[in-house]
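Trainee: Could we go through this model by question and answer, starting with the overall fold and ending with single residues?

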Amino acid sequence: MTLKIIGAGMGRTGTASLKVALESLGLGTCYHMSEVLKHPERTAGWIDAAEGKPDWDKIFAGYTATVDNPGCNFWKELADFYPSAKIILTVRDPEEWFNSTNETIHSVEFAKFIKNSPFGAMVQKTIWDVMDNRMQDKGYMIDFFQNRILEIKNTIAPERLLVYRVSEGWQPLCKFLGLSVPNIEFPRINSREETKQMLADLLGSSSGKMSEGAMEAAGRRLHSD
């Protein structure tokens, strides 16, 4: 099995909805950060990848697509490794994106919580280091977000790339993938409030420490609809 779709969009750009949408189209199982949460042992493979020793076929064994972190930050390497895969770049308003991440996945509270754990080490190497550890610097992060979009557009061949807002629904996604539009509502999940609640539950259930059991429970709750 090989990746057919590579999601280059950063976390909090509708990646959870895209994951469910791709699976609803019958494209197989889609990788997402929730898969790392459900399988804590997978953090080691991502740390290896960040250190320049990736085993992509092992990481993505059983998956036909990947979206969200941590895979999105390896978009260039994955595009080269899977040359037949199509690239989907999910985007949104940069300021809305920053505000969403600052309240959820890049919050100071969450960073402190996961710091001394294998999951925290993986997030540090695969996400925060990429951002120069400036996640709360609004000006820097908005420039980072916009420059990253330009880099992807300038790197990936236009016929291989879909720049996509999940608010556009099925039509552009299905056209890009050469599939018929399904007779079901486009999934819209993992809102900011839902994510904040998941993180609050994670912190509350772990007695101040990121445990593997709490990780697995959080991963199972995500996308359960």
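Predicted model: local features only at pLDDT ≥ 70, side-chain atom pairs only at ≥ 80, totals over all residues.

Trainee: How many helices and strands are in the chain?

Mentor: Helices (H or I, at least four residues) and strands (E, at least two) are taken as DSSP runs, numbered from the N terminus. On that basis the chain has five strands and 12 helices.

Trainee: What percentage of the residues of the chain count as buried?

Mentor: Buried means under 20% relative accessible area, exposed means over 50%, and partly exposed lies in between, with a 1.4 Å probe and protein chains only. The chain has 225 residues, and the buried part is 51%.

Trainee: What share of the contacts with a separation of 6 or more comes from residues 24 or more positions apart?

Mentor: Contact means heavy atoms within 4.5 Å. Among contacts in the chain with a separation of 6 or more, the share from residues 24 or more positions apart is 75%.

Trainee: How many residues are in the second, separate core?

Mentor: Ile-5, Ile-88, Tyr-164 and Leu-173 are included in that core. Its size is 18 residues.

Trainee: Which residues is Trp-56 in contact with, leaving aside its neighbours within four places in sequence?

Mentor: Trp-56 is among the residues with the most contacts inside the largest core. Beyond four places in sequence, its contacts are Trp-46, Ala-49, Phe-74, Glu-77, Leu-78, Phe-81 and Tyr-82.

Trainee: Are H3 and H8 roughly parallel or roughly antiparallel to each other?

Mentor: Axes are lines fitted to C-alpha atoms, for helices over the stretch in contact, and angles run from 0 to 180 degrees between N-to-C directions. Helix H3 (residues 43-50) packs on helix H8 (residues 118-128) at about 30°, with the axes 9 Å apart. Angles under 35 degrees count as roughly parallel, over 145 as roughly antiparallel, 65 to 115 as roughly perpendicular and the rest as oblique. H3 and H8 are therefore roughly parallel.

Trainee: How many residues of the contact of H3 with H8 are charged?

Mentor: Thr-43, Trp-46, Ile-47 and Ala-50 in H3 meet Pro-118, Phe-119, Ala-121, Met-122, Lys-125 and Thr-126 in H8. Ala, Val, Leu, Ile, Met, Phe, Trp, Tyr, Cys and Pro count as nonpolar, Asp, Glu, Lys and Arg as charged, and the others, Gly among them, as polar. The contact of H3 with H8 has seven nonpolar residues, two polar and, as charged, one.

Trainee: How many residues of helix H1 are buried?

Mentor: H1 covers residues 15-24 and is mostly covered. Among its buried residues are Thr-15, Lys-19 and Leu-22.

Trainee: Where is Arg-12, and is it buried or exposed?

Mentor: Arg-12 has a positive phi of about 75° although it is not a glycine. Its place is the loop between strand E1 (5-7) and H1. At 10% relative accessibility, Arg-12 counts as buried.

Trainee: Which peptide bond is cis, with omega near -5°?

Mentor: Pro-70 is in the loop between strand E3 (65-66) and helix H5 (75-81). Asp-68, in the loop between E3 and H5, has a positive phi of about 70°. The cis bond runs from Asn-69 to Pro-70.

Trainee: What is the relative accessibility of His-106?

Mentor: His-106 lies in the loop between helix H6 (94-103) and helix H7 (108-114). Its contacts beyond four places in sequence include Thr-101, Trp-128 and Met-141. His-106 counts as buried, at a relative accessibility of 3%.

Terms used
Residues numbered from 1 in each chain as written. Heavy atoms only, no water. Core = buried A, V, L, I, M, F, W, Y, C linked by side-chain atoms within 4.5 Å.
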